[in-house]
Amino acid sequence: MTDTPEADPPGADPTNGEGPELDEPDVFDGPPRVSDADVPETPHPVNWNLLSAHDLETEWLALNRWVDWLRHTYGLPASVLPPFWHHHSELVWELSALHLHWLGAYDPEQNASAAIGWHRDFADARARLRDWVAASGTRIDRDRPTRQTTWPGEEPGPPVEDVVIADRDAEFVEFVHAQVRRRQEAEDEFYASLDDDLDVDPVTGEVRE
């Protein structure tokens, strides 16, 4: 009487007698799962008056990078995009809106005609930028505050004088640091004025129950 060979254990490879094989990823398993954290945030309007100190620094750096790309890509002269645009709120708000419009127009989920729509609006924005630059008096190598009209009953503003700036990038870094420092001081002063009985999260600034 012959012995009946035992059946191979589940998962064993009968060709080499080794134990169960480890599962390997299948190229047909499909793409990896994508969470909300992997999806870029939808562009949204930036209110420069309400940004926290941290967000203010982030937005300044992002806008500065994009504006530098814009001037090189389209060969914009200083009469449209001067180097010291960051000192003039009218230029900051205009360029910020144009930047956000560009982000929306070139979003992967946008329709194919959005880009030409942005360029049409860009032409209108260039005309407005020329007006802002001409009114402000800022130049390629120097800057001065935008003149303000004094209304009846108001104190006259300080004299407007040109300031020569030799290194634009270095001056921009100092400018942003000063802006962020002032915003942080305002935040600290606000939270310090809150009732001591309130439990305020020092990181988020939220009032905890």
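User: How many contacts beyond four places in sequence does the model have for residues 24–32?

Analyst: This is a predicted model, where local features need pLDDT of at least 70, side-chain atom pairs count only at pLDDT 80 or more, and totals for chains, interfaces and linings use all residues. Residues are numbered from 1 along each chain as its sequence is written, and side-chain values use heavy atoms, with hydrogens and water left out. Over residues 24–32 the pLDDT (the predictor's confidence in each residue, from 0 to 100) stays under 50.

User: Which side chain makes a polar contact with the side chain of D143?

Analyst: D143 sits in strand 1, residues 142–143 (strands are DSSP runs of E, at least two residues, and helices runs of H or I, at least four, numbered from the N terminus). D143 is buried, yet has no salt bridge, and R144, the nearest side chain of opposite charge, is 7.5 Å away. Here buried means under 20% relative accessible area, exposed over 50% and partly exposed in between, with a 1.4 Å probe and protein chains only; a salt bridge puts a side-chain nitrogen of Lys or Arg within 4 Å of a carboxyl oxygen of Asp or Glu. The polar contact (a pair of N or O atoms within 3.5 Å, one able to donate a hydrogen and the other to accept it within protein, with residues adjacent in sequence counting only if both atoms are side-chain atoms) is at 2.6 Å, with H88.

User: Which residue forms a salt bridge with E94?

Analyst: E94 is buried, at 11% relative accessible area. The closest N and O atoms are 2.7 Å apart, and the partner is R128.

User: Why does that pair tie together separate parts, and how far apart are they in sequence?

Analyst: E94 forms its salt bridge with R128. E94 lies in helix 2 (residues 89–105) and R128 in helix 3 (residues 114–136), so the pair ties together parts whose separation in sequence is 34 residues.

User: Is R168 buried or exposed?

Analyst: R168 meets D169 in a salt bridge at 3.6 Å, N to O. D169 is exposed, with 52% relative accessible area. R168 has 17%, so R168 counts as buried.

Terms used. Lys, Arg positive; Asp, Glu negative; His and termini not counted. Contact = heavy atoms within 4.5 Å.
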